[in-house]
Every structure is written in C-alpha cells, then in structure tokens.
Amino acid sequence: FKYVAKRSGKHPYKTKTRAFFSKKRCFKREGRSLKNVINGRIGTFCTENKIRMKPTFTYEDVMAKFGDNPVCYLTGQQIDIYDSKSYQFDHIIPRSKGGQNTIENLGICTKEANIAKRDSNLVDFIKMCKMVANNFPDVV
C-alpha cells in the first residue's frame with residue numbers, strides 16, 4: 001500500500017477530480033490545502049459560458065465508479081492511482097463536442113492515451129489509431 005501519511009489522508013482521486021473539473025491543470029500550491037484546490041477545480045469544471053453550475057458528482061462518486069485498481073478505458077492498462085502524473089481524468093465525449101461534466105462522461109486513462117485522444121470522440125480516436133497502425137504494418 002503506497003499511500004503515505006504525509007498526504008494528510010487525502011486520496012489521489014480528489015486531486016484528479018479537481019483537475020477534471022478545470023481546463024487548467026494546477027494541483028496543490030504552496031500554502032493551499034488539497035481540499036481547497038479540489039473545491040476550486042470542481043467550481044471551474046462546472047462553469048459553462050462563465051456561469052458557475054452546481055457540481056453533479058463528488059469524490060465519493062469517482063471512488064464508486066473506478067475503485068482502487070482502475071484500468072485505462074482507452075488502452076486497458078492498469079493504472080496506479082497513487083502515481084498522479086501517470087493518469088488523467090478525461091471527458092469521454094469532449095466538451096468541445098457537446099460532452100457534459102457528469103460522472104457518466106468521466107473516464108480515467110493514461111496520460112499518453114489522453115494526449116493522443118485530444119478532443120476526439122472514442123469512435124474517431126479508434127479510427128485514427130487503425131489508420132496509423134495500417135500505415136506501419138511491419139511495426140505492429
């Protein structure tokens with residue numbers, strides 16, 4: 001069990017939930033508690049057209065959805081939730097394509113897979129991956 005006491009009992013999902021709510025990806029800043037950072041991220045995540053909306057899910061909802069041993073929904077790789085730099089929360093249907101800030105639209109994936117997906121929906125991302133793989137048949 002890698003979770004250390006110096007994190008003040010804060011679970012890594014709290015930090016990631018906060019980042020998912022915001023376009024900006026800043027985490028704990030000097031002098032700010034993780035709880036304050038997360039609450040600010042939730043508020044930013046639930047902002048549409050500069051109007052703050054009430055968050056639709058909490059840290060507990062994220063724990064119920066993913067548990068302590070999640071896998072990347074894009075690659076199937078096991079994710080270590082205690083290594084916060086190795087994974088990201090993702091809008092399955094991107095906000096730019098009409099996706100909502102809901103628990104149903106929340107996915108957990110490796111950082112590399114999320115960067116590759118960018119603002120594509122899942123179907124378009126899979127098509128792109130197949131095209132790339134077909135261009136390099138000797139490598140695959």
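**Reading the terms in a predicted model**

Me: Helix α1 is mostly covered, since eight of its nine residues are buried. Which residues of α1 are buried?

Reply: In this model, which is a predicted one, the buried residues of α1 are P12, Y13, T15, K16, T17, R18, A19 and F20. The word buried is kept for residues under 20% relative accessible area.

Me: Why is α1 called roughly perpendicular to α3?

Reply: Angles of 65 to 115 degrees count as roughly perpendicular, and the two axes cross at roughly 110 degrees, so α1 is described as roughly perpendicular to α3.

Me: How many salt bridges does the structure hold, and what makes the pair D90 and K117 a salt bridge?

Reply: The structure holds one salt bridge, in which the side chains of D90 and K117 meet at 3.1 Å, N to O. The term asks for a side-chain nitrogen of Lys or Arg within 4 Å of a carboxyl oxygen of Asp or Glu, so the pair at 3.1 Å qualifies. The pair links distant parts of the chain, with D90 in strand β3 (residues 87-91) and K117 in helix α4 (residues 111-117), 27 residues apart.

Me: How do you know whether D90 is buried or exposed, and whether K117 is buried or exposed?

Reply: The cut-off for buried is under 20% relative accessible area; D90 has 6% relative accessibility and therefore counts as buried, and K117, with a relative accessible area of 0%, is buried as well.

Me: Where is N114 found, and why is N114 called buried?

Reply: N114 is found in helix α4, and because its relative accessible area is 10%, which falls under the 20% limit, N114 is called buried. Leaving aside its neighbours within four places in sequence, N114 is in contact with L74, Q88, F89, D90 and C109.

Me: Why is D119 called partly exposed?

Reply: Partly exposed covers what lies between the buried limit of 20% and the exposed limit of 50%, and D119 has 40% relative accessibility, so D119 counts as partly exposed. D119 is found in the loop between α4 and α5, and, neighbours within four places in sequence aside, D119 is in contact with P94, S96 and K97. D119 and R95 are 24 residues apart in sequence, and their C-alpha atoms are 8.0 Å apart in space.

Me: What makes M131 exposed, and which residues make a nonpolar surface patch with M131?

Reply: Exposed means over 50% relative accessible area, and M131 has 55%, so M131 is exposed. M131 is found in helix α5 (residues 122-135), and together with M128, V132, F136 and V139, M131 makes a nonpolar surface patch of about 510 Å².

Me: How many helices and strands does the protein have, and what pattern does the protein follow along the sequence?

Reply: The protein has five helices and four strands, and read along the sequence the pattern is α-α-β-β-α-β-β-α-α. Of the 140 residues in the protein, 36% are buried.

Conventions. Residues are numbered from 1 along each chain as its sequence is written. This is a predicted model: local features need pLDDT of at least 70, side-chain atom pairs count only at pLDDT 80 or more; totals for chains, interfaces and linings use all residues. Side-chain values use heavy atoms; hydrogens and water are left out. Patches are made of residues with over 30% relative accessible area and no salt bridge: like charges are joined within 9 Å, nonpolar side chains (Val, Leu, Ile, Met, Phe, Trp, Tyr) within 5 Å. Accessible areas come from the Shrake-Rupley method with a 1.4 Å probe; for residues, only the protein chains shown count as cover. Helices (H or I, at least four residues) and strands (E, at least two) are DSSP runs, numbered from the N terminus. Buried means under 20% relative accessible area, exposed over 50%, partly exposed in between (1.4 Å probe, protein chains only). Axes are lines fitted to C-alpha atoms, for helices over the stretch in contact, and angles run from 0 to 180 degrees between N-to-C directions. Angles under 35 degrees count as roughly parallel, over 145 as roughly antiparallel, 65 to 115 as roughly perpendicular and the rest as oblique. Contact means heavy atoms within 4.5 Å.
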